[in-house]
Amino acid sequence: MLRRSFMTTALAALPTAFVTRRAQAAAATELKVFISKQERPSVMRQAFDEYSARNPAAKVTIEAGPTTSEAQAQYLNTVLSARDSSLDFFLLDVIRPAQFAAAHWAVPLNSAVGDVAALMKQYLPAYAAADQVNGELVALPGFADAMFLYYRKDLLEKYQLTPPKTWTDLTEQAKKVTAGEKDPSLQGLSFQGAPIEGAVCTFLLPYWSAGHDLITNGKLTFNVPAAGQALALWRGFITNGVSPRTIAQATTEDTRQDFQAGKVLFAVCWSYAWALFQGKNSAVVGKVGVAKLPAVTGGTSVSCIGGWQWGVSAFSHHKPQAIALVRFLSSLPISKLLAIKASLLPVFPQIYTDPDVLKVNPWFAAAGPVLASARSRPVTPRYNAVSEIIRTDFNAVMAGTMTGKAAARNMEVRLRRVLG
Amino acid sequence: MRRRLADPSDRVLGVLLLSPAFLLLGGIVVYPVIRLIGLSLTDLDLSSGLPGRFVGIVNYVGLWSDPTFRQTLLTTAILTVVTVPGGMLAGLGLALLANLAYRRKWPVRLALLMPWAMPLAFTGLIFAWFFNGEYGVVNDILRRIGLPQRIWFNSIFWSFFAISLTIIWKSSSFVALVLLAGLQAIPKELYEAAAIDGAGRWRQFRAVTLPLLRPAIAVALIFRTITALQTFDIPFTMTKGGPGSATETLAMYVYQSTVDDLALGRGAAIAIVLALISLVMSVVYMRQIRAAA
């Protein structure tokens, strides 16, 4: 009952301007959306139904796709390269808008939103960069994600430590705690070293923290020494025993499972892990803290932004209706709804301090500053090729088959081939 | 005309009966191949948003200086050179074993069929678990017998080793089936005659079995070589090409170029090169067989 009243008040606050006259005039339009099974289709259904309740002319059917971002991209690549009109709108991983803009697969939303700069200023800062490509607004933020430093609150308290501010601090703390615990299965730090998308973020964290960029204004600005140092930092965790040698095979799920089983002191992981750490099959319920990611010495703390964006298919036969719906879904009340009902991170900074949200998800208070410091991965239509280069060379260093310096040089040569 | 259709000569009837098969093959083989060749001569890249332009052999020339292409070519060559003879030897051994006089033949045949019937991707996933550095059964056995354990997929050599072993296990079954059929076609009298002439088992194997098995070996070799050149599933599921991209094969590079990078022109060119290599290998083998016959 309480939930119901929240929803009605929240939704009543929506400007009715989202509903275009054409949408009202049309007979019931069926809009088909592509989302992942992981993205809580049942909660999304509520959001769609709220929209239909306000706009009886629009009905939404869900096509639930595979759970990994790569598999979803493959599906969308196939459907959209065939210019299939069956999908009207979709949820895109934050790394995709540039590719979708270049391929003309997503309808530019500029004219639909009016003042783009003013609108994007309302969201977390990283999304303005991620969703706009050469002045074109490709998609609108749906919900956020970022990498966090998870830590064992109980163990840090036991050794009277506070969450580390730098990677050097983290190394010292990890050595101290693992030496004191004398548990051979306790890892100091777990991160993603397997050649997966998450490894791109892992690599970029210290590289960004040292103040460097990969691409600036569409041009490659790859700093080879800094990349070598970033790679050496991660490799150092393996050689000094803070991370296990198997980290070169660790995927996001491995990090999550190991931490959840109580085998990890510090973990670099995405937001979805939090709910699982507090869940039924967790050995660490109530023992988990979340902090900003450590910085390199002399650098700043940064995180890698993830998250999902609503875009409208260029091949849809119902573009105006789909655009209106996407505007609705990327609005503040829906972001709040998703935060409360599905614990999805909000795309609006003020929701992180909203009492209704904090009542359900107290840890959002700690997540807010991390999201504010999060940066977006390079915005380029050739992102998949860029990602492949970074994650394979990163993985080679973690496995110990390449030195950090050699891998950094190799990355540069390969990135030049792709980005010119 | 009507009379010819009503009472077709053998020739016309032949054409009529074959035409559905030709149409089908044309649709699923000839047309895609021609389209692929055409595509490989364009710069079509879906991530550019531009329509593909005809660029001639630019994609092929580009492969020459592409380090990933060279590396994946080398990886493919290594896997072929190791797993084709390896699979042949293991398969021959299995076939000889299965050809022995068992009272019940079906358990042996079933055991022989198992690896062949297993989907490639499953095989890769299963062996990836066997060789897992933390939970794998291989390390567990090594630990129990007091040998040092290793993190297999952290090393280029041991990654190749694990992948090759998996491919040999998987492919030996197919080889064995082909060779078993060949073995059973060899008349028993030949062995009896050889035995009367005083030939021992080894001599019988060399003088009777091997020469008569040659056609079957050639068939198995052709199929194995072509599938080895196209190796995809097992390294894809076991190492994803890692560590780094050391175990990425040519077929995986085709997949990466087209499905991940959306560079359809370049991907088509690599696919054509891969097909050409397979074609050349088949022709070489066919000539060998004909020369031997």
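Analyst: The following describes the domain interface, with short notes on salt bridges elsewhere and on the other chain.

This is a predicted model, in which local features need pLDDT of at least 70 and side-chain atom pairs count only at pLDDT 80 or more, while totals for chains, interfaces and linings use all residues. Residues are numbered from 1 along each chain as its sequence is written, chains are lettered from A and ligands numbered from 1 in the order in which they are written, and side-chain values use heavy atoms, with hydrogens and water left out.

Chain A splits into domain 1 (2–145 + 305–375) and domain 2 (146–304 + 378–419), the bounds coming from an automatic or database domain assignment. The C-alpha centres of these two domains of chain A are 29 Å apart. Domain 1 of chain A puts 23 residues into the contact and domain 2 of chain A puts in 24, where contact means heavy atoms within 4.5 Å.

Between them the two domains of chain A bury about 1,900 Å², with 64% of that area from carbon and sulfur atoms; buried area is the accessible area (1.4 Å probe) that two parts lose on being put together, summed over both. On the domain 1 side, A:Trp363, A:Val370 and A:Arg375 supply 35% of the area buried against domain 2 of chain A, more than any other three residues.

The rule finds 1 salt bridge across this interface, a salt bridge being a side-chain nitrogen of Lys or Arg within 4 Å of a carboxyl oxygen of Asp or Glu. The side chains of A:Asp213 and A:Arg375 form a salt bridge at 2.3 Å, N to O.

Between the two domains of chain A there are 5 residue pairs in polar contact, both residues at pLDDT 80 or more. A polar contact is a pair of N or O atoms within 3.5 Å; within protein, one must be able to donate a hydrogen and the other to accept it, and residues adjacent in sequence count only if both atoms are side-chain atoms. Elements giving two or more residues to the domain 1 side include β12 (303–312) and α18 (364–372) of chain A. The largest share of that side, 5 residues, comes from α18(A). Helices (H or I, at least four residues) and strands (E, at least two) are DSSP runs, numbered from the N terminus.

Over all chains, the search finds 19 salt bridges. A:Asp354 and A:Lys336 form a salt bridge, with their closest N and O atoms 3.0 Å apart.

Chain B has 13 helices and 0 strands.
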